[in-house]
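Here are some notes for a colleague who is opening this model for the first time.

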Amino acid sequence: MKGIKTYLFIIIFLAILLVLGVWAVQTRIANNARTDVAHMLTIVRDTTHLALKTWFKDQKAAAMVWADDPKIRESTAQLLTLPPHQSKLQNSPAQQALRAWFLRMQKATHYRGFFVVGPNHINLASSRDQNIGVENLLVGQEDFLAGIWAGRPAISLPTRSDVPLTDSQGRLVIDLPSMFVAAPIRNNAGEVMAIFMFRLDPEEGFTNILKQGRIGNTGETYAFDSEGRLMSQSRFDDRLYETGLILAGERSMLNLLLRDPGENLIKGGEAIMPRNQQPLTHMAKLAIRGEVGVDSNGYRDYRGVPVVGAWVWDTELGLGISTEQDVQEAYQTLNATRLTIVTLTIFMLFLLIGATTIYSLYRQRKQTEEALRDSNQYNRMLFDEMTIGLALFQMNGELVDINPAYASILGRTVEKTLKLSYWDITPEKYAKDEQAQTQRLEKTGRYGPYEKEYIHADGHLVPVRLSGRLLEKDGNKYIWSSVEDITERKQAHHDTLTGLPNRLRFIANLEQAIESAKRHNHKVALMFLDLDRFKYINDTFGHNIGDRLLKTIAERLKNCVRAEDTVARLGGDEFTVVLTEVAKAEDAGLIADKIIKIVRKPVTLGTHTIDTTISMGISIFPDDAVDSQGMINAADTAMYHAKAMGKNSFQFITAELALRTFKHVQIEQDLRKAIENKEFELYYQPQINLNDGKVAGVEALIRWNHPDHGQLLPEEFIQVADDSNLINAITDWILRTALNDYEYWTNNGSIGPRIAVNITGRQITSEPSTKCLLNVLEDLKSKSSTLQLDLEITETTLESTERAIDIINTLKDFGVMFAIDDFGTGHSSLSRLKQLPVDTLKIDRSFISKIADEGNDKAIAAAIIAIAHSLGLRVIAEGVETQSQLDVLQALGCDEIQGFYFSKPVPASEIPRLLEKSFL
């Protein structure tokens, strides 16, 4: 009975420990999830806020440019001499000149209308006759107009007009949402004589910027004024119609106050609380008070839906910005994790009961062995089998007894180790530490735990952790010591090649530097460094030379900074530098310049002398980010920008660069959805043979039918696809679609043309990408024996001739031909061109546009054609748009041409018709 009670007590005790542990883990996961959500919301809010401020600034700058135009000033001066009668102003030459100027300018801008406002706020000129000679529609906004008369440009928040205005379809609409940007028109004496005002559609700038800040399926970013009025259109108008917050047919923009409806606003189809009595939302109240904040715990928004959000109030713009997302979507991963944890906890409880039962049986069996445990034989066996090092010393340091684990730490046998003393295996630099531990032993009977190093048999130092106690036996004193080898733990925080801190230690040091900077009010600089062309060095000289180069660079970096700074290696050729206690950003720039100069010095490794450079990105705390992850993201982005700017340089993070990165990430996310949803379409542009005028081939050109932005051309997304390694899936789709279209043409009686497909440099330089391309070509070859493919690659991507030759020859084994696209824009030499196993040169369109002008472009085109023909290559001219260009190319002996003069890119269904035509 006693055994059963003990057994039950153990199970209950362990179950309580398990539940408490699970609760602690779940709490930690929830806290991390809230931190991540808050970080994401803050980034989106700040990026959108910065983009909106930039847009406002650009609109005012543009208005100043137009207002300073001499034609506008002259026409305005003429209008001011006329009596302010509507008919005279309408028919005046000055009004007609302004309107004609605006119609020309409107084609290149997104302005919807204009006004010239004279004294007494009378419209002297306008894009519509109805608005001339009457008071300007912004009369009543005295602060807005007064600032402009004082000489400052201004832009209004979205507002509704009291007069008919033209919408985007050309209809006259009253109460149309509009924004107005205005600037003063000055006379020759520099005095303000009138106001030049443009009308903007908020949807074409203001609202579009806010839409870019949407997160997931339920997130939105919106703006509101100091009364809580929604300045942009809500993403959830349908929901607002259902709850009665706005009337059917209205838009939420300028029609909705940010109110918290609560759970009982609507009951039985009737409103419980009048709209004007509903309180402002939690977020709006804080923002309007001027607070910048983020709430990752959740609150109800104006729809009554629990959300998380981040907000900011911009006093200069006079509006607030909030980024929100439904709690359910924001924490869907956390909820799934919680369910998994609960399931695992139940499983662990059952496992615990089983394990405890087994252990109870084991304990009963072990009780029969207690006599053996007391024997000297058993104690010796236990001593020898211990994995931790154990040793017995005399007080003078002479060894009395050790176990095999202790000898193994020193790299010796037990017999050889027993011939040594404690001081034979301890480096001299620990003499003072050992004296302190001995004094502690004599005073307290114990010492340690503490860390030191032992001398290994081969001479290197082994990091160990020691603890021990004083032992008295037969009237003599001994030291009983336990020793643990902590080499692996040490290595866990340091890079094994260079000895620098690794990623874990780097992040810990960075966070410690940030905390210190917060307390002492100074800055921290973070540098992300990447060696240029390191892969080429590894491939050319071998990995041994590459490793030695990395160690040399590590030493140079350490010599460039102070002892309290951190130099770390993240992996490969990536390094980081954390500069603590930085007074100003310029100081980091001086260190960066010093690093670039030192790294650039040639490195001699054996018989090889290597010239190397480095690209570097820099972020500053707290100027660019307020936490470690934000600094890492910013510095990483700046480093890639430095590489794009030509390498061997450093770049600070900027707002423009951060916004560009945000857009890059958005396009990448949309591309992943596009691949899944099959949003691509293939168009074809014919290539005409100049001998018979027939279609000799077609170039396959991808188009992206984006659900929000319409049809996008390759230059808007292919580079992002290449950078994010999505290009393999897109090229696979292009090649398989081209084969399907080819079979459609041939099955309907046409002679299938040669098909040209563009590939990127990654697909002949990256082994995984090349392998993907080879796989799809092998599949296409097995399905069609007549399909002829031309793979086109730009001249500038062929950096390594040897590598390019190997890959191109491998691809040509599948029956494809190769063309160099945009030829003439790179730096190919004649000898290099001779080595490349290509079949076609495509003259870049930049040389074709002025080829009929008897200038340098014609001479360059003639030289390219002559060189190509001498090497047995076919020549195709791109971008032919006129008969004169065609005549010159025929005279120069060009083989084929491609351009709008014959046909723009068309869908696959139109190709059979073009195959039957003769274009000459």
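1. Helix α17 (residues 503-520) and helix α21 (residues 628-644) have axes that come within 10 Å of each other and cross at roughly 110°. An angle of 65 to 115 degrees counts as roughly perpendicular, and α17 and α21 are therefore roughly perpendicular to each other. The model is a predicted one, and this description should be read with that in mind.

2. The crossing of α17 and α21 is right-handed. On the side of α17 the contact is made by F506, I507, L510, E511 and I514, while α21 contributes S628, M631 and I632. In general, a pair of packed helices is described by the angle between the axes together with the distance between them.

3. Turning to the strands, β17 (residues 446-455) pairs with β18 (residues 461-473) in the antiparallel sense, over eight bridges. Within this pairing, Y454 has V462 of β18 as its bridge partner. The hairpin that β17 and β18 form has five residues between the strands, and G459 in this hairpin takes a positive phi near 105°.

4. Strand β18 also pairs with strand β19 (residues 476-485), again in the antiparallel sense, here over 10 bridges. In this pairing G468 stands opposite S481 of β19. How many residues lie between β18 and β19 in their hairpin? There are two, and D474 in the turn has a positive phi of about 55°.

5. For the chain as a whole, the model contains 31 helices and 36 strands. The chain has 920 residues, of which 46% count as buried, where buried means under 20% relative accessible area. Among the contacts with a separation of 6 or more, 60% are accounted for by residues 24 or more positions apart.

6. A reader who wishes to follow these points on screen might begin with the contact between α17 and α21, where F506 and M631 are among the residues involved.

Methods:
Residues are numbered from 1 along each chain as its sequence is written. This is a predicted model: local features need pLDDT of at least 70, side-chain atom pairs count only at pLDDT 80 or more; totals for chains, interfaces and linings use all residues. Side-chain values use heavy atoms; hydrogens and water are left out. Two strands pair if DSSP finds at least two bridges between them. Helices (H or I, at least four residues) and strands (E, at least two) are DSSP runs, numbered from the N terminus. Axes are lines fitted to C-alpha atoms, for helices over the stretch in contact, and angles run from 0 to 180 degrees between N-to-C directions. Angles under 35 degrees count as roughly parallel, over 145 as roughly antiparallel, 65 to 115 as roughly perpendicular and the rest as oblique. A crossing is left-handed if the near helix is turned anticlockwise from the far one by less than a right angle, and right-handed if clockwise. Contact means heavy atoms within 4.5 Å. Buried means under 20% relative accessible area, exposed over 50%, partly exposed in between (1.4 Å probe, protein chains only).
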